[in-house]
Amino acid sequence: MTQFNNLSIRTQVLLVSSVMLIIVVIMAALVYSEIMTAQAREQEVVRTFEIVSSTDAMLLQLVNMQTGYRGYLFNGNPAFLEPYNAGRASYTLYQDRLQKLVQDNPPQVERLKQIDRNVRDWNSQNLKHGIELREQVDRSQIKVSSLDSFVSTGREKLMFDNVRAQIAWFRGVETSLLQQRNEEAVVAANRLIATLVGSTILALIIGLSSAIAISGNIARRVSLVAQAATNMAQGDLLVRCKVPASRDEVGRMSAAFNSMADTIQQRTNDLEAKNHAIQQASERQQQLFETVQQLSTPLLPVLDGLVVLPIVGHIDTRRADDIMRTLLHGVAQQKARVAILDVTGIATVDTHVIMLLLQAVQATELLGARVLLAGITAPMAQVIITQGIDLRHLRTYKDLRSAIESVLIAQDRNGAGPLALSSRR
């Protein structure tokens with residue numbers, strides 16, 4: 001055990017893993033062999049069952065031939081020959097199928113050939129001959145007494161009974177094989193289960209023994225390192241790993257941990273100082289951001305009842321909400337009847353921006369204020385025309401100056417201030 005402990009952990013694991021792998025390969029080979037044996041037995045059972053089923057089906061076709069033959073002799077209607085013809089064709093198929101299924105069993109092959117010879121003799125010497133006699137009776141070539149004499153011999157029944165007996169013997173052999181192969185399949189399955197259970201138990205025993213041996217070698221020192229790491233995780237930066245010096249992985253890990261603890265302690269002190277500076281900078285940045293947010297949507301009261309909202313930069317959904325909130329609050333607070341939106345400084349113009357502006361206009365007009373749109377650029381006009389947006393209910397001006405001048409002219413003309421402008425559509 002001392003020599004084993006002097007090995008590196010990697011060598012220890014590889015050594016034990018190699019032994020386990022060899023054992024697993026041996027067990028897998030045994031299990032595979034048992035599985036193949038069980039599958040072979042199961043296939044034999046399935047094949048034997050198929051032989052028995054095909055034998056029964058073949059006998060049924062012979063019965064159909066006999067039934068059709070007797071019906072035709074009794075009635076003389078050719079329709080009664082359909083079971084005979086169909087049974088004869090199906091019999092050939094089942095005979096060929098059985099020849100292939102029992103080809104590895106020479107005695108059964110010979111029995112099947114003998115059955116086929118007897119069936120052909122039974123068919124040619126009795127069924128076909130009886131059908132020909134019936135046809136001659138129907139054509140009045142012979143008397144019915146000739147047909148009765150042929151049928152009364154009972155030869156057809158004797159030959160068919162012989163065929164049935166041979167088929168029963170053939171089937172009995174396969175039934176015995178089926179029982180035997182079923183028993184062999186059960187034995188193979190039980191042996192496979194025993195092999196699986198035994199292999200699993202053996203693997204567990206060896207695996208547990210190996211795990212205990214390796215864990216006993218390194219658990220104590222690793223637990224010391226783990227405890228030191230836990231204490232550090234709980235905030236004790238002064239903890240150090242007290243593991244005897246060694247050249248294996250655990251010893252190197254302990255030395256690395258102590259070195260890491262020294263580095264962490266030093267960098268923690270540095271980070272605390274930097275974090276304080278970053279926190280102060282973050283507070284200043286937040287204040288600056290709030291100031292920029294307020295300046296990005298300024299509402300300017302120009303005249304009594306007239307406010308101007310210049311819009312500069314990029315508009316997204318959040319900023320559109322700020323613009324609408326500022327505009328509505330300013331119109332309500334200033335009791336403005338006319339509001340001018342200056343869109344000259346908008347950075348990006350697309351359908352989304354136009355729709356956001358229209359929403360702000362509609363919300364403002366619900367407060368009773370008239371909205372003028374100033375500074376529509378050529379790209380904005382192209383988007384409006386391309387998308388088919390209807391702005392006919394809005395007053396638009398090329399720049400802010402023109403919009404203010406129109407308000408002043410309307411005020412001078414009507415003598416009623418912006419109120420008169422806002423009432424016109």
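Two strands are taken to pair if DSSP finds at least two bridges between them. In this predicted model, strand β4 and strand β5 (residues 395–397) meet that criterion, with 3 bridges in the parallel sense. Within this pairing, Leu-372 stands opposite Arg-395 of β5. The path from β4 to β5 includes helix α10 (residues 378–387), and the three elements form a right-handed β-α-β unit.

Strand β4 also pairs with strand β3 (residues 338–346). The two run parallel and are joined by 5 bridges. Ala-339 has Val-371 of β4 as its bridge partner. Between β3 and β4 the chain passes through helix α9 (residues 351–365), in a β-α-β crossover that is right-handed.

Burial of β4 (residues 370–374) extends to 5 of its 5 residues, so the strand is largely enclosed by the rest of the structure. Neither face is left uncovered. Arg-370, Leu-372 and Ala-374 are buried on one side. Val-371 and Leu-373 are buried on the other.

Helix α9 was examined for length and burial. Its 15 residues should span 21 Å at 1.5 Å a residue, and the end C-alpha atoms lie 21 Å apart, so the two values agree. The expected span is 1.5 Å times one less than the number of residues. Buried positions in α9 include Val-353, Ile-354, Leu-356, Leu-357 and Leu-358. Ala-360, Val-361, Ala-363 and Thr-364 are likewise buried. Cover for the buried residues of α9 comes from elements including β2 (306–313) and α8 (317–334). Strands β3 and β4 and helix α10 are also among the covering elements.

Key
Residues are numbered from 1 along each chain as its sequence is written. This is a predicted model: local features need pLDDT of at least 70, side-chain atom pairs count only at pLDDT 80 or more; totals for chains, interfaces and linings use all residues. Side-chain values use heavy atoms; hydrogens and water are left out. Buried means under 20% relative accessible area, exposed over 50%, partly exposed in between (1.4 Å probe, protein chains only). Helices (H or I, at least four residues) and strands (E, at least two) are DSSP runs, numbered from the N terminus. A crossover is right-handed if, with the strands pointing away from the viewer, the path from the first strand over the helix to the second runs clockwise. Contact means heavy atoms within 4.5 Å.
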